[in-house]
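Please look over the sequence and the coordinates shown here, with attention to the metal site and the sheet. The report that follows takes up these two topics in turn.

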Amino acid sequence: MATSLIKLIAFAMASIAPALGLTQALDPTSVELAKTVPIADIHMHTYQINGPGSAEVVERMTINNIRWGGGVGDLRADIADALRGRHIPAAGQREFAETFIRQGPNALVEIDNVYFRDLFRDARDMFAKGTIKGFGELHTNNEGSGPQPFRRKIKTDNPVIRKFYEIANEFGGFVQLHTQHNAEFTEDILRLSADFPNTLTILSHCLPHGQPEDLAFLFKQRKNIMCEMSATGDLHNRLARVNRPGRAYSVDGLRPRWKALIEEFPDRIMLGSDTCCGWDRHYSEAIAEIRTNFLPYLKPATIEQIAYKNALRVFKLDQ
Ligand SMILES: [Zn+2]
């Protein structure tokens, strides 16, 4: 009796699971491509303090077929030298962190702040020489998505962020923002991306607390907004001791609404590892998770686009 009941429940689950999006037939071409496709890591941290050495960065990239990397801080000359045309150099994260640690969140919006002064003075030169391609990772709101002592909430459209956008706009550069979805942010980012049409906004982690529909709304309004998918699987939750499956994908695969978003806007999404927070030794795990739980659920052409073709285009990288 009990056995037949279990069988019945199992049969019922198997019947409704596809409708719920719990099981998805995978295209064998996608599965194979996902294992080996070259990846541009748009959220590759190389911290100055306690960060990996340049040899270690090159080695972990080679092992995982990560051909290009960067997009966030810290900006380091040794990494730039080691990666050359494969690097996506970004400034501003160190200055942002230093301001916050020394003076608190209110100082982050003060344009005359001593910690931003040198960067604002030198940034145009750095763009012109190609030693930076953008700014990031700039945290304006990580109230519900960052380590506790590092949390803050400031308005995204503020004089300092505006200055980063203004400079990037002159060089077709990018600003990578770590912020959270809410109504105020939506207004701010639509205003900034309209005022500075040559600046590309990259939303870290594809906008924590945002639904795929919120991203679709922004993508439809503005051509110069993209996002990167780091920390949206199980691994980062586990490392942060958050007891829930990944926001966009998990061991059960890519959530259908995220899949729909990515297939609708394959030119707006990129990939990242985000081994922040002392998690450098988990780099290969972060990439393996992307290659097994996320990419196989997409069309082959989409996999190539989000893995590296978008990055080649927007950062003008060497193939
Ligand atoms: Zn980060």
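## Burial at the metal site

In this predicted model, His43 counts as buried because its relative accessibility is 0%, and Glu137, at 3% relative accessibility, falls under the 20% limit and therefore counts as buried too.

The zinc ion is coordinated by His43 through NE2, by His45 through NE2 and by Glu137 through OE, at 2.0 to 2.2 Å. Along the chain, the donors of the zinc ion follow the spacing H-x1-H-x91-E. His43 lies in the loop between strand E1 (39-41) and helix H3 (54-63), whereas Glu137 belongs to strand E5 (residues 134-139), so the pair ties together parts that are 94 residues apart in sequence.

## The parallel sheet

Six strands form an open sheet with parallel pairing, in the order E4-E5-E6-E7-E8-E11. Strand E4 (90-92) and strand E11 (269-270) stand at the edges and have a single partner strand each, which means that one side of each is left without a neighbour in the sheet.

Within this sheet, strand E7 (residues 200-203) pairs with strand E8 (residues 225-228) in the parallel sense over three bridges, and Thr201 stands opposite Ile225 in E8.

## Helices against the sheet

Helix H5 (residues 93-103) packs on the sheet, where it touches E4 and E5, and its direction makes about 30 degrees with that of E5. Helix H7 (residues 159-171) lies across E5, strand E6 (174-178) and E7, and runs at about 150 degrees to E6.

Note on methods:
Residues numbered from 1 in each chain as written. Predicted model: local features only at pLDDT ≥ 70, side-chain atom pairs only at ≥ 80, totals over all residues. Heavy atoms only, no water. Donors = N, O, S within 2.8 Å, 3.2 Å for Na, K, Ca; no water. Helix = DSSP H or I, 4+ residues; strand = E, 2+ residues; numbered from the N terminus. Buried < 20%, exposed > 50% of the residue type's maximum accessible area, 1.4 Å probe, protein only. Pairing = 2+ DSSP bridges. Contact = heavy atoms within 4.5 Å. Axes fitted to C-alpha atoms, helices over the stretch in contact; angles between N-to-C directions.
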